[in-house]
Amino acid sequence: MPRQQLYRLTSRSAIMVMNIVITLLMLQGSWDILRKLSAIVLHQPAMENILQGLSTILVAYGLVLQERAALLTFLKLYPHGLSAHQARVDAHCSGYGLAVILAGMFVSVAVYLIRMPDLDIVNFDPALIVLGALFCLVSAGLLVRLSWLLWRDPKEI
């Protein structure tokens, strides 16, 4: 693949577009869960599946964000293409990528706590599902904040 296309695919604009797409997924999934919360008995398996899918997306995307600099080095776009601007984008992506990974892992932990056997002492399932949905909303906020930082970051200082 030509260098110019690789630069476009890993640019801050491409990251912002993916952030928007994933943010919309998080909002839609959380909305779907929270609006059916009153009928959790009927919808719990579907809610767990939604949360598990969103968790997987968050962890995978967070890893890509966090390792953007390593990916660009692997693609041989760095060190030649490394500028002060790219270093700032890498720094933003690394920090927010880690935060997104952690939020995705917490969503996954909430689902696994529901699915663990022999924990039927108290029914924490509704609270854990709400907690998972809230972590998805937090992740959406993190991605919006990252997009804002990338959009506001000047090319030259």
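Reader: What makes Glu48 and Arg115 a salt bridge?

Author: In this predicted model, the side chains of Glu48 and Arg115 meet with N and O 3.0 Å apart. The cut-off is 4 Å between a side-chain nitrogen of Lys or Arg and a carboxyl oxygen of Asp or Glu, so the pair counts as a salt bridge.

Reader: Why is this pair said to tie parts together?

Author: Glu48 lies in helix H3 and Arg115 in helix H5, so the bridge ties together parts that are 67 residues apart in sequence.

Reader: Nice. Is Glu48 called buried or exposed, and why?

Author: Glu48 has a relative accessible area of 11%. Buried means under 20%, so Glu48 is buried.

Reader: And why is Arg115 called partly exposed?

Author: Its relative accessible area is 37%. That value falls between the limits of 20% and 50%, so Arg115 is partly exposed.

Reader: What makes Arg68 and Asp90 a salt bridge?

Author: Their closest N and O atoms are 2.3 Å apart, and the limit is 4 Å, so this pair qualifies too. Arg68 lies in helix H4 (residues 68–74) and Asp90 in helix H5, so parts 22 residues apart in sequence are tied together.

Reader: How do you know whether Arg68 and Asp90 are buried or exposed?

Author: Arg68 has a relative accessible area of 4% and Asp90 has 9%. With buried meaning under 20%, both residues are therefore buried.

Reader: How far apart in helix H2 are Asp32 and Arg35?

Author: They are three residues apart, which means about one helical turn separates them. Their side chains meet in a salt bridge (3.0 Å, N to O).

Technical notes
Residues are numbered from 1 along each chain as its sequence is written. This is a predicted model: local features need pLDDT of at least 70, side-chain atom pairs count only at pLDDT 80 or more; totals for chains, interfaces and linings use all residues. Side-chain values use heavy atoms; hydrogens and water are left out. Helices (H or I, at least four residues) and strands (E, at least two) are DSSP runs, numbered from the N terminus. Buried means under 20% relative accessible area, exposed over 50%, partly exposed in between (1.4 Å probe, protein chains only).
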